[in-house]
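Thanks for making time this morning. I would like to walk you through one model, going helix by helix and then through the packing between them.

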Amino acid sequence: MNGTQGRTDITGTGAQGRTPGGPAGRSWRDRAWWNRPRTVVVGAVLAGAVVYLVGTLAGVDPQVRAGSGTLEVTISLVIATSLTAALGGWGVRALLLRRPSGGRRAWLVLSGAVLLVSLLGPLGAANAGATVLLLLEHLAVGGVIMLGLSGARPRGARAA
């Protein structure tokens with residue numbers, strides 16, 4: 001034995017996971033494709049970008065009041081923010097997986113609270129259309145992160 005068998009690989013690299021005798025614990029490689037951290041990160045970015053593009057193609061001009069003027073919400077801002085949120089969520093989830101219970105309940109409560117607080121941001125939009133578009137973006141990105149990373153298992157947990 002090399003000392004790494006039986007642990008869950010929270011890095012997303014899939015380097016650990018199975019022993020010759022069968023599953024010792026589920027690695028990210030063994031998870032369904034939508035629960036892999038890299039897939040969740042890409043999915044969150046794509047969800048934000050798709051909602052943004054559909055909204056702007058429908059004629060919505062996403063602007064947010066900032067100080068004495070307005071800030072134009074661009075696709076690059078959407079991608080950067082979604083990527084930051086997803087990578088941050090992955091890091092927090094990896095820390096919670098160190099708990100003996102795996103921290104699933106803590107993850108759902110914490111990520112749900114962060115999502116609710118993030119919904120306050122779109123309330124500063126310049127018009128009603130922008131408010132709806134930004135609310136949908138926050139819900140899409142937050143939902144992908146929250147639900148996508150909730151299926152992780154703690155180290156050494158056996159699959160049911």
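Predicted model: local features only at pLDDT ≥ 70, side-chain atom pairs only at ≥ 80, totals over all residues.

**Helices and their packing**

The expected span of a helix is taken here as 1.5 Å times one less than its number of residues, and helices (H or I, at least four residues) and strands (E, at least two) are DSSP runs, numbered from the N terminus.

Residues are numbered from 1 along each chain as its sequence is written, and side-chain values use heavy atoms, with hydrogens and water left out.

For the overall layout, the protein chain has four helices and four strands, and along the sequence they follow the pattern β-β-α-β-β-α-α-α. Of the 160 residues in the protein chain, 41% are buried, where buried means under 20% relative accessible area, exposed over 50%, and partly exposed in between, with a 1.4 Å probe and protein chains only. Among contacts (heavy atoms within 4.5 Å) between residues at least 6 apart in sequence, 62% join residues at least 24 apart.

Coming back to α1, its buried residues include P37, V40, V41, A44, V45 and Y52, and the buried residues of this helix pack against α2 and α4. Just after α1, G59 takes a positive phi of about 100 degrees.

What does V41 contact, leaving aside its neighbours within four places in sequence? The residues in contact with V41 are L83, A86, L87 and W90. From the α2 side we can look at S82, which is found in that helix and counts as buried because its relative accessibility is 5%. Not counting residues up to four places away in sequence, S82 touches A44, V45, G48 and V141.

Now to α3, residues 104–118, which has 15 residues and reaches 21 Å from its first C-alpha to its last, close to the 21 Å expected at 1.5 Å a residue. In α3, W107, S111, G112 and L115 are buried. Seen down the helix axis, the buried residues of α3 fall within an arc of 120 degrees, so they line one face of the helix, the arc being that of the directions from the helix axis to the C-beta atoms. The buried residues of α3 pack against α2 and α4, whereas R105, V109, L116 and V117, on the other side of α3, are exposed.

Is L116, then, buried or exposed? At 59% relative accessibility, L116 counts as exposed, and its C-alpha atom is separated by 9.3 Å from that of G142, 26 residues apart along the chain.
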